[in-house]
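Subject: Structure handover

Hello,

I am passing a structure on to you. Please open it and keep it beside this email as you read.

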Amino acid sequence: PGGPNDAEDQEIIHDLGVYEDEESRAQRSSSSGALDETMTCPAWLDFLPSLSLRERLLGCATCMVCGYILSFGSFMRMKDLIVGNPVPLVVHVTM
């Protein structure tokens, strides 16, 4: 809480149509003090940059697209495997 990207994150959440009622806000703010005392980050996390929600969503979408492309490429090489030539699939999967 209280990071540099909070205002931008709130704007994105509002644009997505996610709204918070007063009761859940009160519950979260009353329990956040207890969480802050018990949850500590390892020291090596301090050098990592803080990312906005938009940057996190973009990173997630990029990884998903790359995964789909790799999966589709493997699926296209399955026809060679069925025909009896496993080399293209094996080379693609092991790289």
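Below is what was found, from the overall make-up down to single residues.

Overall make-up

First, a caution: this is a predicted model. The protein has four helices and zero strands. Read from the N terminus, the order of elements is α-α-α-α. There are 95 residues in the protein, and buried ones make up 8% of them. The accessible surface comes to about 8100 Å². Carbon and sulfur atoms account for 66% of that surface.

Helix α3 against helix α4

Start with α3, which covers residues 53–83, and α4, which covers residues 87–94. Their axes come within 7 Å. They cross at roughly 155°. Angles over 145 degrees count as roughly antiparallel, and α3 and α4 are therefore roughly antiparallel to each other. The crossing of α3 past α4 is left-handed.

Which residues meet here? On the α3 side they are L70, G73, S74, R77, M78, D80 and L81. On the α4 side they are P88, L89, H92 and V93. By type, the residues of this contact split into six nonpolar, three polar and two charged.

S74 deserves a look of its own. This residue sits in helix α3. Is S74 buried or exposed? Its relative accessible area is 19%. The cut-off for buried is under 20%, so S74 counts as buried. Leaving out residues up to four places away in sequence, S74 touches L89, H92 and V93.

Helix α1 against helix α3

Now go to α1, residues 6–15. The axes of α1 and α3 come within 8 Å and cross at roughly 65°. From α1, the residues in the contact are E8, D9, I12 and I13. They meet L53, R54 and R56 in α3. This contact divides into three nonpolar residues, no polar ones and four charged ones.

Last, find S52. This residue lies in the loop between α2 (22–38) and α3.

Best wishes

Methods. Residues numbered from 1 in each chain as written. Predicted model: local features only at pLDDT ≥ 70, side-chain atom pairs only at ≥ 80, totals over all residues. Heavy atoms only, no water. Axes fitted to C-alpha atoms, helices over the stretch in contact; angles between N-to-C directions. Helix = DSSP H or I, 4+ residues; strand = E, 2+ residues; numbered from the N terminus. Parallel < 35°, antiparallel > 145°, perpendicular 65-115°, else oblique. Left-handed = near helix turned anticlockwise from the far one by under 90°. Contact = heavy atoms within 4.5 Å. Nonpolar A, V, L, I, M, F, W, Y, C, P; charged D, E, K, R; others polar. Buried < 20%, exposed > 50% of the residue type's maximum accessible area, 1.4 Å probe, protein only. Areas by Shrake-Rupley, 256 points an atom, 1.4 Å probe, with all protein chains shown as cover.
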